[in-house]
Amino acid sequence: MRSLYGTGGIICLLMVMGCGVSAKADVPSMPVQQPVEAPLVTPLHDADIDYLLTGPSGQHLHQRMRWTSALWRQRVATEGSATIMLTDYRTHTLMVLDSTNRTVTVTSAPGGSFATPGTPAAGLWRRLGQGRIAGEACTIWESADSDRHPTTFCYTDDGLMLGAVHDGKPVVEAVSVSRAPQPVEIFDPPPGYHRADPSH
């Protein structure tokens, strides 16, 4: 799959994925030629989304994604994991926090196709219809991963990914969505954390 917004855990950078899980769509039976278009895949404002992830063997776990539009930073925390991922899309830096050892490992952020807020995603996309996930209306889009496997995503008009289906299998679905302002301090390592060498 695309590395996601941006798309940690099963999902690395949620903002460059897409969604379409459990969304009812009005999909035409025959392809219709449409003008070239693509979804917004980066939030236009602060967001806090709780996702339900489905693993390869059908296991489920929650992942919380938070975004600050002031800093273009993302925070991803996965249920049951001692690590939190902080991605700075302005500096293309990924910080992995380890709460067990109170360390922070800094590397280059994966993926190179970040779409700035308000800019449609790169690549080939096809609009399939409308959906609704977690009480939110979203547009279902089809794209393909690097191995040409089809993936459908459901994105809101303001750039929130609400679900994704890869190769016909649900991968991620939002269960709650908030657009409340996010405190900027949560996108930096907490006091007392020390930097670890990524080579170890």
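These are numbered notes on the predicted model shown above.

1. Basis. Residues are numbered from 1 along each chain as its sequence is written. In this predicted model, local features need pLDDT of at least 70 and side-chain atom pairs count only at pLDDT 80 or more, while totals for chains, interfaces and linings use all residues; side-chain values use heavy atoms, without hydrogens and water.

2. Secondary structure. The protein has 12 strands and 0 helices. Both are DSSP runs numbered from the N terminus: strands (E) of at least two residues, helices (H or I) of at least four.

3. Burial. Of the 200 residues, 46% are buried, meaning under 20% relative accessible area with a 1.4 Å probe, protein chains only.

4. Trp67. This residue sits in strand S2 (residues 60-68). Trp67 counts as buried because its relative accessibility is 0%. Its C-alpha atom is separated by 5.3 Å from that of Asp46, 21 residues apart along the chain.

5. Largest nonpolar core. A nonpolar core is a set of buried Ala, Val, Leu, Ile, Met, Phe, Trp, Tyr and Cys residues joined through side-chain atoms within 4.5 Å. The largest one holds 33 residues, and Tyr51, Trp125, Tyr155 and Val172 have the most contacts inside it. Elements giving two or more residues to this core include S2, strand S7 (126-133) and strand S11 (169-178). S1 gives the most, with 4 residues.

6. In soluble globular proteins, nonpolar side chains tend to be buried together.

Note on methods
Buried means under 20% relative accessible area, exposed over 50%, partly exposed in between (1.4 Å probe, protein chains only).
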